[in-house]
Amino acid sequence: MKDIPWEKVRRVLVIRLRSIGDTVLATPSLIALRRHLPTAQIDILLEDWVAPLLDGSDSIDTVIKVGKSPADRLRTALAIRRSKYDVVFNLHGGPTSTFFTRASGARHRVGYRYYQYSTVFNHLLATSTNFWKQEKTHSAEQQLALLGFVGIPVEDRPKSRLSVTEAANDAIQARLDQSAIRNPRSAICLIHPAAAFETKRWPIQQFAQTAEFLDAKGLTPVAVVSKSETTLIADLAASSKVRIVTFDDLTLPEITALASRAKVFVGNDSGIAHIAAAVGTPTVVIFGSSNRDHWRPWTDAPNEVVFEAFECQPCAGYECKTFGDPLCILQIDPEKVFAAIGRVMETKA
């Protein structure tokens, strides 16, 4: 490995495929890069469905979108090759992202030694724990470590950050105006009751009680899910004694704008929780099977994680192999969540 001559670097590509949360937690690395290379071209490669999340970002020049079809990936690889990047940071490590790293032809290719096909990279860091000299690292720290390893200043560990576009803000205000809220400009709380696995989903009845608790505090409960989770949000509305405004068709920029307006966010460990944290909203995140040290909110805004400790945590989360039913999420008392809400809202005030 040779040192990267940063004074000569003109074009940098960051590769971060996969999910909403992964994308949000890449923003600290983008912030650090832009800070160190204010005049360089800094681009990021994202999956097409999540790419709008970075609309309006001042840390990047271009979001390169890639679909799932082989033809689309080939076209994207050829476009990346033509861009002649000096440095590529692979923040993902899977075979597809490694393919794009190799296709780039960049002189400097940065990744982890444990990546599959690691021979593609010529700057290899062993582990983020080695870099930070601590036992446990957050996802954001794991990505920042790759930058720090090759000389980008990251010691202050920037927090996640998303921009709110004017178009998304206007669209959300229009939707709230149409929602029949008594006062569409009143303070709202944002609820996200969905998650990837049952082991990460707090029961809907508990979220309904949370909506009632927030309504009693004078906030308008607003819940969001994706189109595929419409049944979940319908169950939430039916289970609550108070009216909940529900959306299942918002774009990612619109969800970002909505989250930025909320007085507090309450939800499961999910990408939407990371969106809320990245716009500075006080967050309460309910954890079941997932790794709290790795996936907690990465923000300076008031935040708390609520959980019940079990020796089997964290786990892969596909199913509960210890108890059958995921007790780690099912046994969380609403009162613990209510208390956390009170603390983060008081801190914000």
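Which residues are buried in helix H4 (residues 95-104)? They are Ser97, Thr98, Phe100, Thr101, Ala103 and Ser104. Buried means under 20% relative accessible area, with a 1.4 Å probe and protein chains only. Helices (H or I, at least four residues) and strands (E, at least two) are DSSP runs, numbered from the N terminus.

This is a predicted model: local features need pLDDT of at least 70, side-chain atom pairs count only at pLDDT 80 or more, and totals for chains, interfaces and linings use all residues. Residues are numbered from 1 along each chain as its sequence is written, and side-chain values use heavy atoms, with hydrogens and water left out.

Stay with H4. Its buried residues pack against strands E1 (11-15), E2 (41-47), E3 (62-66), E4 (87-90) and E5 (108-112), and against helix H3 (70-83). Contact here means heavy atoms within 4.5 Å. Just after H4 comes Gly105, with a positive phi of about 70°.

Now move to helix H8 (residues 204-216). In H8, Ile204, Gln206, Phe207, Ala208, Thr210, Ala211 and Leu214 are buried. Their cover includes strand E7 (188-192), helix H9 (230-239) and helix H14 (334-348). Gly218 follows H8, and its phi is positive, near 90°.

Next, look at the nonpolar cores. A nonpolar core is a set of buried Ala, Val, Leu, Ile, Met, Phe, Trp, Tyr and Cys residues joined through side-chain atoms within 4.5 Å. The largest has 64 residues, of which Trp6, Leu33, Phe89, Leu258 and Ile275 touch the most other members. Leu258 touches Ile172, Ile188, Leu190, Val222, Val224, Phe247 and Leu250, not counting residues up to four places away in sequence. Another core, of 27 residues, lies apart; Ile191 and Val344 are among them.

On a 1 Å grid over the protein atoms alone, a cavity is a set of points where a 1.4 Å probe fits but cannot get out, and a pocket is an open set with protein on both sides within 12 Å along at least five of seven lines; lining residues have an atom within 4 Å of a point. A volume is the space filled by probe spheres set on the points, which are joined across faces, edges and corners.

The largest pocket holds about 1100 Å³. It has 45 lining residues, and Ser19, Gly21, Asp22, Ala196 and Lys200 are the closest to its centre. There are also two cavities of 30 Å³ or more. The largest cavity has a volume of about 80 Å³. Its lining includes Thr27, Leu54 and Arg161.

Definitions and conventions. Buried means under 20% relative accessible area, exposed over 50%, partly exposed in between (1.4 Å probe, protein chains only).
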